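Q: I'm new to this one and would like to go through it with you step by step. Could you take my questions as they come?

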Amino acid sequence: MNAIRFQNVSKIYRRSHLGRVTETTGLSGLDLDIQKGEVFGLLGLNGSGKTTAIKLLMGLHHPTKGEVETLGRRASDVEVLARIGYAPEAAYLNKTLTGRENLRLFAALSRIPRAEIEGRVAEMLDKVGLGKAMDQRLSEYSKGMLQRASLAQALIHDPELVILDEPVTGLDPLAIKEVRVLILWLKSKGKTVLFSSHDISEVERVCDRIGILSGGRLVKVMKQDEWRGKPDALETAFAAAVVRTDGVGSIRME
Amino acid sequence: MQTISAVFAYTFKEHIRHKAWLSAALFGLVLLGGAIIVSALGADERARLLLDLGLAAIEAISLVSVVFLTVSLILVEIESRAIYLILTHPVRRSDYLLGRFLGTVAAVAVGMAVMAAMHLGLLTLYGWWEPLRYLAALACVLGKTAVMGALSLLLSLALTSEAAAMAFAVFLWMLGHFSSEMRFLADRSGSAFLKTALVAFSHAAPDFAHFNYRDFWHQAAPGAEWLMWAGVYALAYSAACLALSVQLFDQKEF
């Protein structure tokens, strides 16, 4: 059964400035099914459409064309969000709150029964290693601690589907390893995981399948057996599939 | 209901941690200045002047606070992207707006209560004690504050610029004090265009005549029916502004 389905999805951004309308294609004709229990990686350069695809799944954007479904419901259906955990590329948290208050807020928003909230919050903060810092304000947290707090809010309600937007970008090697362990743990619990990344080596270690996006189009889908045990296979496929659309040329030292 | 109360609680906490004490401190200075000035007056004049000065200061400080807080209420969360994490939980956008609005009005109301306690304390020292009439006047200030808060929130979503929203809010606040004059001018106007424009403005701008309890201060106090209509007007005007805000907010992408 599908956890995620994109059916011929396009997203065009229209911006108007002084009466002049400009259009940018975020996604173009995306068809993609992700199965329940699968770990799927979205690979692509900056501006390739990875974050657009994720925002469409989370209802932050509306598709210009096509249908987006998560867990059998339309992505715009607010109710389905109770079964999804999402962590964006940076920890966009309200820094006036403490770690505990922040997680209490997301637990309540995720409709966890009031009586269970305190126990779940303390348990989750312990799990992500913030047990001792739970009463500090987020403004006092380091970047790594904020990232953990962001992961905690994505997992507090035990979601069926976890969506992580660039979860390893900017993290130190130890934190990257911890994210990898987390993704594999989620997989072992039967969760579906979708994450986007630039980092080919991370993607090839944890994914069952990957999709390569370039210029808003899904240009290639690969299964694990196409790269497992074949050094550089994924990197070679990626380099062959993507085209720079940001107008930047390659580095040439001749 | 759980989501509205969760958004309400964090909004309230955020305001209290940031700004609420400033309004009370400012009011303390106004009262101190007022007390020094009135100490030179005759005994019967002192209490009357302090009463007028204090209520006018509470109203002005509350209105400035609510306009400042509501015009940035959503825009700041969009800018910091904290809104990503809220709206990717099962939260209806209408619930989010309502929780944010109510949390802000509650924070301003707490500031009002602190100011009122200081004011009543000083008035008691000067021999004035009419708590029921004082509470009625305060309830009218709260009604006015809620109306201005809802209007500022609507303007911030319609104009997407804090400065423009604030300028329009101040403009409509001024118009709101001249609703009957505008209708009078419309009746007398020979120009159909001017008549339509004046009638439209007089209906779009809030009619603050409903909340001018202080106008009756030194006459017979208006009855419970007058106060009830003030409450109904505040609720209806705020609800209309919030309904329009939800319409605008539903179309937004983040």
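Q: To begin, what distance separates the centres of domain 1 of chain A and domain 2 of chain A?
A: This is a predicted model, and in it the centres of the two domains of chain A, taken over C-alpha atoms, are 25 Å apart. The contact involves 15 residues from domain 1 of chain A and nine residues from domain 2 of chain A.

Q: And which residues make up each domain of chain A?
A: Domain 1 of chain A is made of two stretches, 2–83 and 159–241, while domain 2 of chain A covers 93–158.

Q: How much area do domain 1 and domain 2 of chain A bury between them?
A: They bury about 1,000 Å² between them, and 58% of that lies on carbon and sulfur atoms.

Q: How many salt bridges does the rule find across that domain interface?
A: The rule finds three salt bridges across the interface of domain 1 and domain 2 of chain A. Arg111(A), for instance, forms a salt bridge with Glu79(A), with the closest N and O atoms 2.6 Å apart.

Q: Which element gives the largest share of the domain 1 side there?
A: That is H5(A), which supplies three residues of the side of domain 1 of chain A that touches domain 2 of chain A. By class, the residues on this side of domain 1 of chain A are nine nonpolar, two polar and four charged.

Q: Switching to strands, how do E1 and E2 of chain A pair?
A: Strand E1 (residues 2–17) and strand E2 (residues 20–35) of chain A pair in the antiparallel sense, over twelve bridges. Within this pairing, Asn2(A) has Gln35(A) in E2(A) as its bridge partner. The hairpin has two residues between the strands, and Leu18(A) takes a positive phi near 50° there.

Q: What joins E1(A) to strand E4 of chain A?
A: Five bridges join E1(A) to strand E4 (residues 65–70) of chain A, and the two run antiparallel. Ser10(A) stands opposite Lys65(A) in E4(A).

Q: Now chain B: how many residues of chain A are in contact with it?
A: There are 33 residues of chain A in contact with 28 residues of chain B, and the area buried between the two chains is about 2,800 Å². In chain A, Leu60(A), Tyr92(A) and Leu109(A) lose the most area to chain B, together 25% of what that side buries.

Q: How many salt bridges are found between chain A and chain B?
A: The rule finds five across that interface, and in the model the side chains of Arg81(B) and Glu89(A) meet in a salt bridge at 3.9 Å, N to O.

Definitions and conventions:
Residues numbered from 1 in each chain as written. Chains lettered and ligands numbered in written order. Predicted model: local features only at pLDDT ≥ 70, side-chain atom pairs only at ≥ 80, totals over all residues. Heavy atoms only, no water. Domains from an automatic or database assignment. Contact = heavy atoms within 4.5 Å. Buried area = accessible area lost by both parts, 1.4 Å probe. Salt bridge = Lys/Arg side-chain N within 4 Å of Asp/Glu carboxyl O. Helix = DSSP H or I, 4+ residues; strand = E, 2+ residues; numbered from the N terminus. Nonpolar A, V, L, I, M, F, W, Y, C, P; charged D, E, K, R; others polar. Pairing = 2+ DSSP bridges.
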